[in-house]
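Subject: Structure handover

Hello,

Here is the structure I promised to pass on to you. Please open it beside this message, and then read on for what turned up in it.

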Amino acid sequence: RAVQLPQGVSLTSISAGWGFTCGLTSSGEVYCWGQNNEGQVGDGSSIGRSVPVRAALPASAVATSVGAGERHACATSSAGTWCWGNNDGAQLGRGTIGGVILQPTQVTVPQGVAFESIAGGSAHTCAVSTVKAVWCWGLSNYGQLGDGTFNTRTTPALVPSLPSVPFAQVTTGWAHTCALTESGGGYCWGRNAEGQLGDGTVTQRLSAVAVTGFTSATRISAGSATFS
């Protein structure tokens, strides 16, 4: 069944969370629909939406990517990075832990840093910057932020364990994260009990490890306990 988008609106990309979905339009707007009890749709309400509604990004924020997490969503834009929904793990990147934000709020990004793409996990968020580095924030109970610790980060922090090469994409699972280099290599970190890091082990990793035999990929996607 076709999604009932408003007349004249077309989507260029889409991202699904837990019970809700968000899409990026060709004109840089974000539309979301589905479960909205924690503000996941980003329209300023907590009313579930059976058809797409526009997330309340400022008019000046022309979105360039959108990423839906378990109970939150984020978008990069020409006017900064924005997140909304549940913040129990500090995944909204606004310097606080807890609460629900019903409409987009700006992420506290370090001065001079801008993000071009973003991905939402269960209670963490990661993004690729315009200089092709990977940053993460939120809950790190399994090391999914890749900084070698279990520390929760309330604002974006550079992933220091990655090699100094340009990255094209980052993807976030329930408690693990993976990143794709521009040359097609893969790195992952976090929970690994089901082998979702692809390094040939089931050892939890607090820092990035290379994915075995992964050298020429063009896209990656992390699920609850999988990676492909």
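C126 has a relative accessibility of 0% and so counts as buried, a word used here for under 20% relative accessible area, with exposed meaning over 50% and partly exposed anything in between (1.4 Å probe, protein chains only). Its partner is C136: a disulfide joins the two, S to S 2.0 Å, where a disulfide is a pair of cysteine sulfur atoms within 2.5 Å. C136 is buried as well, at 1% relative accessibility. The link of C126 and C136 is right-handed, with 110 degrees about the S-S bond. Strands here are DSSP runs of E with at least two residues, and helices are runs of H or I with at least four, numbered from the N terminus.

Before the rest, a word on the model. It is a predicted one, in which local features need pLDDT of at least 70 and side-chain atom pairs count only at pLDDT 80 or more, while totals for chains, interfaces and linings use all residues. Residues are numbered from 1 along each chain as its sequence is written, and side-chain values use heavy atoms, leaving out hydrogens and water.

Back to the cysteines. How many disulfides does the structure hold? There are four, and counting bonded cysteines along the protein chain gives the pattern 1-2, 3-4, 5-6, 7-8. One of them is formed by C22 and C32, with sulfur atoms 2.1 Å apart. This link is right-handed, at 105 degrees about the S-S bond. With C22 in strand β2 (residues 20-25) and C32 in strand β3 (residues 30-34), the pair ties together parts that are 10 residues apart in sequence. Both C22 and C32 are buried.

C74 and C83 form another disulfide, and their sulfur atoms are 2.0 Å apart. The link of C74 and C83 is right-handed too, with 110 degrees about the S-S bond. C74 is buried at a relative accessible area of 1%, and C83 is buried at 0%.

Next, the aromatic rings. Rings of Phe, Tyr and Trp (for Trp, its six-membered ring) pair if their centres lie within 6.5 Å; planes under 30 degrees apart are stacked, over 60 edge-to-face, and the rest tilted. By this rule there are four aromatic pairs. In one of them, F115 and W135 have ring centres 6.2 Å apart and planes at 65 degrees, so the pair is edge-to-face. F115 belongs to strand β9 (residues 115-120) and W135 to strand β11 (residues 134-138), so the pair ties together parts that are 20 residues apart in sequence. Both F115 and W135 are buried.

For Y142 and W174, the ring centres are 5.7 Å apart and the planes at 50 degrees, so that pair is tilted. Y142 is in the loop between β11 and β12 (153-158), and W174 in the loop between β13 (167-172) and β14 (176-181), so the two tie together parts that are 32 residues apart in sequence. Y142 is partly exposed, with a relative accessible area of 22%, and W174 is partly exposed at 37%. There is also an aromatic cluster, formed by F115, W135 and W137.

Have a look at R54 too, which is in strand β4 (residues 49-54). R54 is partly exposed, with a relative accessible area of 34%. Leaving aside residues up to four places away in sequence, R54 touches E29, V30, Y31 and D43, a contact being heavy atoms within 4.5 Å. The side chains of R54 and E29 are joined by a polar contact of 3.2 Å. That term stands for a pair of N or O atoms within 3.5 Å; within protein, one must be able to donate a hydrogen and the other to accept it, and residues adjacent in sequence count only if both atoms are side-chain atoms. The R54 side chain also reaches the backbone oxygen of L57, at 3.4 Å.

Finally, two backbone angles. Most residues other than glycine have a negative phi. A90, which is not a glycine, has a positive phi of about 70 degrees. A90 is in the loop between β7 (80-86) and β8 (100-106) and is buried, with a relative accessible area of 0%. K132 likewise has a positive phi, near 70 degrees. K132 is in the loop between β10 and β11 and is partly exposed, at 23% relative accessible area.

Best wishes
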